[in-house]
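This briefing goes through one protein model, topic by topic. Please keep the sequence and the structure open while reading.

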Amino acid sequence: MEFVINSLLSSLGVFVLLFYVFEKYFLPKIVDGIIQQELTRRKYEFAKLEYNFKLYTQKQHEVFLKFHQLYGEAKARNLYLVGLQSWPDFSTYSRQDIVEWMDRQELKILDATRTKILSYYDSDYKNRAVDELNNLMTIINNNLAENSTSIAHNFALENQLYIPDEIFNLSQELYSELFDFKIKYADSRNQKHENIEEYLNGLKESKEKIENLYVEITKKLKEHMQKGSLNE
C-alpha cells in the first residue's frame with residue numbers, strides 16, 4: 001500500500017513538474033503564436049479592406065466628376081434654349097459652307113433632310129434652304145437638350161452604388177425639373193399673346209429651381225469628396 005502511495009506521489013510530482021515546465025516555457029510560446037497568427041490575419045483583413053476602400057473611393061470620385069459634368073451639360077443645354085443663343089447666319093453660307101456645317105453637327109442629320117436643303121439651294125430657292133436650316137438648328141438644339149438630360153439621368157441610375165442617397169435624390173429632382181422645363185419650352189409655340197407673361201414667369205421659376213438644385217448638388221459633392229467616405 002505504501003508503495004502504491006509513493007508511486008502516486010512520485011507520478012504526481014512528475015506531472016506537477018511537467019505542468020510547471022509547460023506553463024513556464026511552452027504555454028507562453030503557444031499563446032504568443034496564436035496571438036501573432038490572429039494579429040496577422042486581422043492585419044491582412046484590414047489591408048484588404050483598406051485597399052478595397054481606396055479602389056471604391058477612387059471610383060466614387062470618378063463617378064462624382066462625370067456625374068457633375070453630365071448634369072452641368074444637361075442644365076446648360078436646356079437653359080440655352082431660352083437664353084442668348086449663338087445662331088449661324090445661314091443667309092451668308094455657300095453650298096460648301098452648308099455641307100460642312102451639317103457634317104460638323106454632333107447629332108447626325110438625316111440624308112433626306114440634307115438632300116432637301118441642298119436641293120433648295122441648288123434650285124435657287126436659297127430662302128427656303130435658310131428657313132429649313134433655321135428649323136433644323138432648332139430641332140438639333142432641342143434634341144441635344146433632351147439627349148443630355150437622358151444621358152445624365154441614366155448615368156446616375158447606373159452608378160447609384162457610388163452616389164450618396166441625398167445627392168442621388170437631388171439629381172432626380174433636377175431631372176424632373178429639366179423635363180418640365182423642356183415641356184414648358186416646347187409649349188411656347190402654342191402660347192397666346194395674353195398668356196405670354198404667365199408663360200415667361202413659369203420658365204423663370206423653373207430656371208431658378210434648376211440652378212438652385214445644381215448648386216446644391218455641387219455643394220454636396222464637394223462635401224463628400226472632402227470627407228473621402230460615402231457614409232461619414
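The structure, a predicted model, holds 4 aromatic pairs. One of them joins Tyr 175 and Phe 179, whose ring centres are 6.5 Å apart and whose planes meet at 35°, so the pair is tilted. The protein chain has 6 helices and 0 strands.

**Overall make-up**

- Read from the N terminus on, the elements of the protein chain follow the order α-α-α-α-α-α.
- The protein chain has 232 residues, and 31% of them are buried.
- Of the contacts in the protein chain between residues at least 6 apart in sequence, 76% join residues at least 24 apart.
- The protein chain exposes about 16000 Å², and 56% of that comes from carbon and sulfur atoms.

**Aromatic rings**

- A pair of aromatic rings is described by the distance of the centres and the angle of the planes.
- For Tyr 175 and Phe 179, the angle of 35° falls between the limits of 30 and 60 degrees, which is why the pair counts as tilted rather than stacked or edge-to-face.
- Both Tyr 175 and Phe 179 belong to helix H5 (residues 165-186), where they are 4 residues apart, about one turn of the helix.
- Tyr 175 has a relative accessible area of 24%, so this residue is partly exposed.
- Phe 179 has a relative accessible area of 47% and is therefore also partly exposed.
- Elsewhere, one aromatic cluster is formed by Phe 90, Tyr 93 and Trp 101.

**Charges over rings**

- Lys 59 places its charged end over the ring of Tyr 162, at 6.0 Å from the ring centre.
- Arg 128 places its charged end over the ring of Tyr 125, at 4.7 Å from the ring centre.

- Glu 62 is part of helix H1.
- The relative accessibility of Glu 62 is 45%, so Glu 62 counts as partly exposed.
- Glu 62 and Tyr 162 are 100 residues apart along the chain, and their C-alpha atoms are separated by 9.5 Å.
- Tyr 162 is also the residue whose ring lies under the charged end of Lys 59.

**Lys 75 in helix H1**

- Lys 75 lies in helix H1, which covers residues 2-80.
- Is Lys 75 buried or exposed? Its relative accessible area is 13%, and the cut-off for buried is under 20%, so Lys 75 is buried.
- Beyond its neighbours within four places in sequence, Lys 75 is in contact with Leu 178, Ile 210, Glu 211 and Tyr 214.

**Leu 144 in helix H4**

- Leu 144 is located in helix H4 (residues 126-158).
- With 10% relative accessibility, Leu 144 counts as buried.
- Which residues does Leu 144 touch, not counting residues up to four places away in sequence? They are Arg 77, Glu 106 and Leu 107.
- Glu 106 and Leu 144 are 38 residues apart in sequence, and the distance between them, C-alpha to C-alpha, is 8.3 Å.

**The largest pocket**

- The largest pocket holds about 190 Å³ of space.
- Its lining consists of Leu 107, Lys 108, Ile 109, Leu 110, Thr 113, Lys 116, Glu 132, Asn 135, Leu 136, Ile 139, Ile 140 and Asn 143.
- Two or more residues of the lining of the largest pocket come from each of helix H3 (111-122) and H4.
- H4 gives the most to this lining, with 6 residues.

**Loop residues**

- Ser 94 is in the loop between H1 and helix H2 (95-104).
- At 29% relative accessibility, Ser 94 counts as partly exposed.
- Ser 94 and Lys 126 are 32 residues apart along the chain, with 9.8 Å between their C-alpha atoms.
- Asp 124 is in the loop between H3 and H4.
- Although Asp 124 is not a glycine, its phi is positive, at about 65°.
- Asp 124 has 71% relative accessibility, and since exposed means over 50%, Asp 124 counts as exposed.

Conventions: Residues numbered from 1 in each chain as written. Predicted model: local features only at pLDDT ≥ 70, side-chain atom pairs only at ≥ 80, totals over all residues. Heavy atoms only, no water. Phe/Tyr/Trp six-rings, centres within 6.5 Å; stacked < 30°, edge-to-face > 60°. Buried < 20%, exposed > 50% of the residue type's maximum accessible area, 1.4 Å probe, protein only. Lys NZ or Arg CZ within 6 Å of the ring centre and 35° of its normal. Contact = heavy atoms within 4.5 Å. Areas by Shrake-Rupley, 256 points an atom, 1.4 Å probe, with all protein chains shown as cover. 1 Å grid on protein atoms, 1.4 Å probe; cavity = no way out; pocket = protein on both sides within 12 Å on 5 of 7 lines; lining within 4 Å. Points joined across faces, edges and corners; volume = space filled by probe spheres on them.
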